[in-house]
Each structure stands twice: as C-alpha cells, then as structure tokens.
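Please keep the sequence and the structure in view while reading.

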Amino acid sequence: MKVTAFNGSARKDSNTAIMLNVALEELNKQGIETGLYQLAGKQIRGCIACYKCMENKDQRCAVKKDVANECIEKMLASDGILLGSPTYFADVSTEMKALIDRAGLVSRANDDMFKRKVGAAVVVARRGGSVHAFDSMNHFFLIGQMIIPGSNYWNMGFGLNTGDVEKDTEAMDTMKVLGENMGWLIKKLHC
Ligand SMILES: Cc1cc2nc3c(=O)[nH]c(=O)nc-3n(C[C@H](O)[C@H](O)[C@H](O)COP(=O)(O)O)c2cc1C
C-alpha cells in the first residue's frame, strides 16, 4: 500500500511540505509506504486541450515535455493521493492547477483511472482564501470517483514564512488525524 503526496508550492520543503509530512508520518506508522513529490523548480504547464489523451487512451498525457506523466505514473502506482497547495490569490498554485488539469483529463480519457483510490487535499494560507483552494483540489477527487477521508477540522494550516505553520498546533493535529483516517480507509478498502 502506498500514498504519494504532491506539493504544489513554488517553495520546496515549505509550509505545505511540512503539513503533508505530518500526514505521511502517520501513514508510515501504519505500515503504509509514502512518497513526497515536490513540484517546486520543476516544469509543468497547463493542459493544451489537444484531446489526444481521448484518442490514445494510454493513461498518459500526449505532451511529454514536462513532469506531468511522471506525476501521473506516481498517482497510478499509489493507493492514496495527497494534493497539497499554498493558497495563491484564494486558489491553488499554478503548478497544482496544471497537475489537476493534466492528470484529471487523462483520468477522464481512461475510464476514471484513479477510481476508488483515496484522495485528500491539504492547504496552507497566510490568512484567507484557503477554503476555495481546498475545494479546488477536492473537485479533482470527486469528479474522478475517488474516496475522500476527513479529519477533525478542515485540512488547512496558517503561516506566511517557511516553518510558520509548525506553530499552528491545531493544523498539525488536523494533519495527524488526516493521516490516521487515510491509513484506516486504505486498509479497509484493501482487506
Ligand atoms: C503569489 C502568492 C499569492 C498568495 N495569495 C494568498 C492568499 O490569497 N491568501 C493567503 O492567505 N495567503 C496568500 N499567500 C501566502 C501563502 O499562501 C503563504 O505564504 C503560504 O504559507 C505559502 O505556503 P508554502 O510555504 O508551502 O509555500 C500568497 C503567496 C503568494 C506567493
């Protein structure tokens, strides 16, 4: 069993990564293999709407020039997918939106290829707009027939500079509970 977390922040090892890692640690404790894939510094552009994926139906994006297919392969190889993003102008980062559009259309072209995998969204904000970003990522899971576990609050943390989110103890607890629930659900689905 494996969970891969995707960090859509433009900053590597940032607040979003800190949040994701707390959930991943809990999954590790349950014996689930984990991986963190950070989009920072990598090339990923938005969907060009060529619709070749609808013709090819090969579980890959027809645009091979960036990391989209690497991410798609990691998603396919995982039982659970965590999408994490900072809040940028009350929505997800450009990198996260590109990943959602690219992986999402390929999934739709291939009979919802992430169907019944477990998915959860994690957001960081300095102050406002995080609920909208949270919703944006949950739409990826919901349209793709994926299953979303909850936590004991919305999966969000607050902070501006890298490391600030560690002082948000409620967010740290929310991530811990999210990891516990995600692991519990994945195990139930596979027994
Ligand atoms: C382009 C840009 C837009 C931002 N927009 C918002 C916003 O709408 N609301 C907010 O609360 N914080 C906003 N922030 C602050 C980030 O969400 C915050 O610094 C967060 O901790 C970044 O996460 P990271 O450390 O994972 O990069 C913005 C930051 C940037 C760079």
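## The largest cavity

The lining of the largest cavity divides into ten nonpolar residues, three charged residues and no polar ones. Here Ala, Val, Leu, Ile, Met, Phe, Trp, Tyr, Cys and Pro count as nonpolar, Asp, Glu, Lys and Arg as charged, and the others, Gly among them, as polar. The volume of the largest cavity is about 90 Å³. It has 13 lining residues, and C47, C50, C53, C61 and L105 are the closest to its centre. Both α2 (52-56) and α4 supply at least two residues of this lining, and α4 gives the most, with four residues. Helices (H or I, at least four residues) and strands (E, at least two) are DSSP runs, numbered from the N terminus.

The structure is a predicted model, in which local features need pLDDT of at least 70 and side-chain atom pairs count only at pLDDT 80 or more, while totals for chains, interfaces and linings use all residues. Residues are numbered from 1 along each chain as its sequence is written, and side-chain values use heavy atoms, with hydrogens and water left out.

## How the spaces are defined

Rolling a probe the size of a water molecule over the atoms shows where empty space is left. On a 1 Å grid over the protein atoms alone, a cavity is a set of points where a 1.4 Å probe fits but cannot get out, and a pocket is an open set with protein on both sides within 12 Å along at least five of seven lines; lining residues have an atom within 4 Å of a point. Grid points are joined across faces, edges and corners, and a volume is the space filled by probe spheres set on the points. By this rule there are two cavities of 30 Å³ or more.

## The second largest cavity

The second largest cavity has a volume of about 40 Å³. Its lining is made up of G104, S107, R108, F114, F140, I143, G144 and M146. Two or more of these residues come from each of α4 and α5, and α4 provides the largest share, three residues. By class, the lining has four nonpolar, three polar and one charged residues.

## The second largest pocket

About 200 Å³ of space lies in the second largest pocket. Its lining consists of K97, I100, D101, G104, L105, R108, S136, H139, F140 and I143. The elements that give two or more residues to this lining are α4 (94-109) and α5 (130-143). The largest share, six residues, belongs to α4. The classes here are four nonpolar, three polar and three charged residues.

## The largest pocket

The largest pocket holds about 300 Å³ of space. Of its 15 lining residues, P86, T87, Y88, G159 and L160 lie nearest its centre. At least two lining residues come from each of α1 (15-29) and β4 (118-125). This lining has five nonpolar, seven polar and three charged residues.

## The ligand and its surroundings

An N or O atom in the side chain of S14 is 2.7 Å from a ligand oxygen. For A90, a backbone N or O atom lies 3.0 Å from an oxygen atom of the ligand, and for R126 a backbone N or O atom also lies 3.0 Å from a ligand oxygen. The protein covers 77% of the 640 Å² of accessible area that the ligand has on its own, with areas taken from the Shrake-Rupley method with a 1.4 Å probe.

Key: Polar contact = N/O pair within 3.5 Å; in protein donor to acceptor, adjacent residues only side chain to side chain.
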